[in-house]
Amino acid sequence: MGGGAWQRGGSSCRPTTTAVGEPVVLPTITVEDVRRVGLPPSTANLQPAGGDVVLNVPVNVYAQATPVTRQVEVLGFPVTIRATPEAFTWTFGDGGTLGPTTDPGAPYPAMSTTHTYTRPGTYPITLTTTYSAEYAIAGLPFQPVAGTVDVSAPAEDVTAHEGTTVLVR
């Protein structure tokens with residue numbers, strides 16, 4: 001057998017090199033593999049909540065997203081995939097977009113990610129999260145996956161209404 005180090009493989013031990021001195025080939029994880037394991041959409045939050053907004057008043061939008069870890073098996077090897085939300089793109093249904101931006105936004109009073117409707121109507125708002133990923137095979141160090149994966153949350157409708165601002169005490 002080959003002269004390389006030995007490693008445990010299932011219920012038997014085998015060399016890390018073949019009898020002819022060729023190394024054991026480990027699988028490579030691609031962006032298509034990451035898409036197949038499935039990543040969740042981020043949660044889209046709108047303020048004001050409830051789906052009704054006022055014309056010419058900024059609507060605050062923000063995403064809630066966390067890193068995702070998946071355990072899979074590829075060609076008999078245990079693989080850990082880690083995906084991290086890197087960017088967020090908002091589509092507001094009236095032709096307006098925001099992003100991609102690394103800023104997920106935040107609840108009021110932050111208002112760092114907003115959109116203002118200027119015409120009455122009902123508009124679908126869609127949040128798309130861009131994930132980067134890395135993988136580790138059988139406990140080896142993590143390697144980057146080339147490319148990114150975009151995951152869109154279901155559209156959430158808002159209705160923009162004309163209104164009058166009234167100051168109250």
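**Note on side-chain pairs and strand pairing in a predicted model**

1. Setting aside neighbours within four places in sequence, V54 makes contact with H161 and G163, where contact means heavy atoms within 4.5 Å. V54 lies in strand β4 (residues 52-54), strands here being DSSP runs of E of at least two residues and helices DSSP runs of H or I of at least four, both numbered from the N terminus. With a relative accessible area of 40%, V54 is partly exposed; buried means under 20% relative accessible area, exposed over 50%, and partly exposed in between, with a 1.4 Å probe and protein chains only. V54 and P120 are 66 residues apart in sequence, yet their C-alpha atoms are 8.5 Å apart in space.

2. A word on the basis of these values: this is a predicted model, in which local features need pLDDT of at least 70 and side-chain atom pairs count only at pLDDT 80 or more, while totals for chains, interfaces and linings use all residues. Residues are numbered from 1 along each chain as its sequence is written, and side-chain values use heavy atoms, with hydrogens and water left out.

3. How many salt bridges does a search of the whole structure find? The search finds 3, a salt bridge being a side-chain nitrogen of Lys or Arg within 4 Å of a carboxyl oxygen of Asp or Glu. One of them joins R35 to E32, with the closest N and O atoms 2.6 Å apart; the two residues are separated by about one helical turn, because they are 3 residues apart in helix α1 (residues 31-37). R35 counts as partly exposed at 38% relative accessibility, and E32 counts as partly exposed at 41%.

4. In helix α1, D33 and R36 are likewise 3 residues apart, about one helical turn, and their side chains meet in a salt bridge at 2.4 Å, N to O. R36 is exposed, its relative accessible area being 62%.

5. E134 and R82 form a salt bridge through their side chains, at 2.5 Å from N to O. This pair links distant parts of the chain, since E134 belongs to strand β10 (residues 121-137) and R82 to strand β7 (residues 77-91), 52 residues apart. E134 is partly exposed at 26% relative accessibility, and R82 is partly exposed with a relative accessible area of 32%. The charged end of R82 also sits over the ring of F142, 3.5 Å from its centre; the criterion is NZ of Lys or CZ of Arg within 6 Å of the ring centre and within 35 degrees of the ring normal.

6. The structure holds 2 aromatic pairs, counted when rings of Phe, Tyr and Trp (its six-membered ring) have centres within 6.5 Å, with planes under 30 degrees apart called stacked, over 60 edge-to-face and the rest tilted. W90 and F92 are stacked, at 6.5 Å centre to centre with 10 degrees between the planes, and both W90 and F92 are buried. Y117 and Y123 are also stacked, at 4.8 Å centre to centre and 15 degrees between the planes; Y117 is buried at a relative accessible area of 1%, and Y123 is buried at 8%.

7. An open sheet of 3 strands runs in the order β3-β5-β9 with antiparallel pairing, two strands being paired if DSSP finds at least two bridges between them. Its edge strands, β3 (43-47) and β9 (114-115), each pair on one side only. Strand β5 (residues 59-64) pairs with β9 over 2 bridges in the antiparallel sense, and V59 stands opposite H115 in β9.
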